[in-house]
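Here are my notes on this model, point by point. Please read them with the coordinates open.

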Amino acid sequence: MKVFVDILDFAFTVYQYMIIAYILMSWVPQMRSTGIGQLLERLVEPYLAPFRRFIPPLGFIDISPIVALIALRFAQSGLYAILDQIMF
């Protein structure tokens, strides 16, 4: 079961880095038109879209990805708490 938790932790970490990379790509618009940019858009945008719908940008700053990262961290912590209860 520890291997499953380690794989899950790795998946959450990779997805968090994917979100951060996607956010940084917004600073250079040409990056989103590359193959990697389009792949990240297909993988990350479905998760970020609900947050963007409910959290409006503050001027030129979009804080919805920050809230999405925090929500992902809470989901990760909650899932680990549930798995901890199941395992012990």
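1. Start with Glu45. Beyond its neighbours within four places in sequence, Glu45 is in contact with Tyr22, Leu40 and Arg52. Keep in mind that this is a predicted model. Glu45 sits in helix H2, which spans residues 35-54. Its side chain makes a polar contact with the side chain of Arg52, at 2.7 Å.

2. Next, the packing of H1 on H2. The two axes lie 9 Å apart, and the angle is about 100 degrees. H1 is therefore roughly perpendicular to H2, since angles of 65 to 115 degrees count as such. From H1, the contact draws on Tyr15, Met18, Ile19, Ala21, Tyr22 and Met25. H2 supplies Ile36, Gly37, Leu40, Glu41, Leu43, Val44, Glu45, Tyr47, Leu48 and Arg52. By class, the residues of this contact divide into 12 nonpolar, 1 polar and 3 charged. Both partners of the polar contact in point 1, Glu45 and Arg52, are among the H2 residues that meet H1.

3. How do H1 and H3 cross? The axes of H1 (residues 2-25) and H3 (residues 64-87) come within 11 Å and cross at roughly 180 degrees. That angle is over 145 degrees, so H1 is roughly antiparallel to H3. On the H1 side, the contact takes in Phe4, Val5, Leu8, Asp9, Phe12, Tyr15, Gln16, Ile19, Ile20 and Ile23. They meet Pro65, Leu69, Leu72, Arg73, Gln76, Leu79, Tyr80, Leu83 and Met87 in H3. The class count for the contact of H1 with H3 is 15 nonpolar, 2 polar and 2 charged. Tyr15 and Ile19 belong to this contact and also to the contact of H1 with H2.

4. Look at Leu69 in helix H3. Which residues does Leu69 contact, leaving aside neighbours within four places in sequence? They are Gln16, Ile19 and Ile20. Leu69 and Tyr17 are 52 residues apart in sequence, yet 9.8 Å apart in space, C-alpha to C-alpha.

5. Last, the largest pocket. Its space is about 200 Å³. The lining consists of Ile23, Ser26, Trp27, Arg32, Arg52, Phe60, Ile61, Asp62, Pro65 and Ile66. By class, that lining has 6 nonpolar, 1 polar and 3 charged residues. Arg52 is one of the lining residues, and its side chain is also the polar partner of Glu45. Ile23 and Pro65 line the pocket too; both take part in the contact of H1 with H3.

Note on methods: Residues numbered from 1 in each chain as written. Predicted model: local features only at pLDDT ≥ 70, side-chain atom pairs only at ≥ 80, totals over all residues. Heavy atoms only, no water. Axes fitted to C-alpha atoms, helices over the stretch in contact; angles between N-to-C directions. Helix = DSSP H or I, 4+ residues; strand = E, 2+ residues; numbered from the N terminus. Parallel < 35°, antiparallel > 145°, perpendicular 65-115°, else oblique. Contact = heavy atoms within 4.5 Å. Nonpolar A, V, L, I, M, F, W, Y, C, P; charged D, E, K, R; others polar. 1 Å grid on protein atoms, 1.4 Å probe; cavity = no way out; pocket = protein on both sides within 12 Å on 5 of 7 lines; lining within 4 Å. Points joined across faces, edges and corners; volume = space filled by probe spheres on them. Polar contact = N/O pair within 3.5 Å; in protein donor to acceptor, adjacent residues only side chain to side chain.
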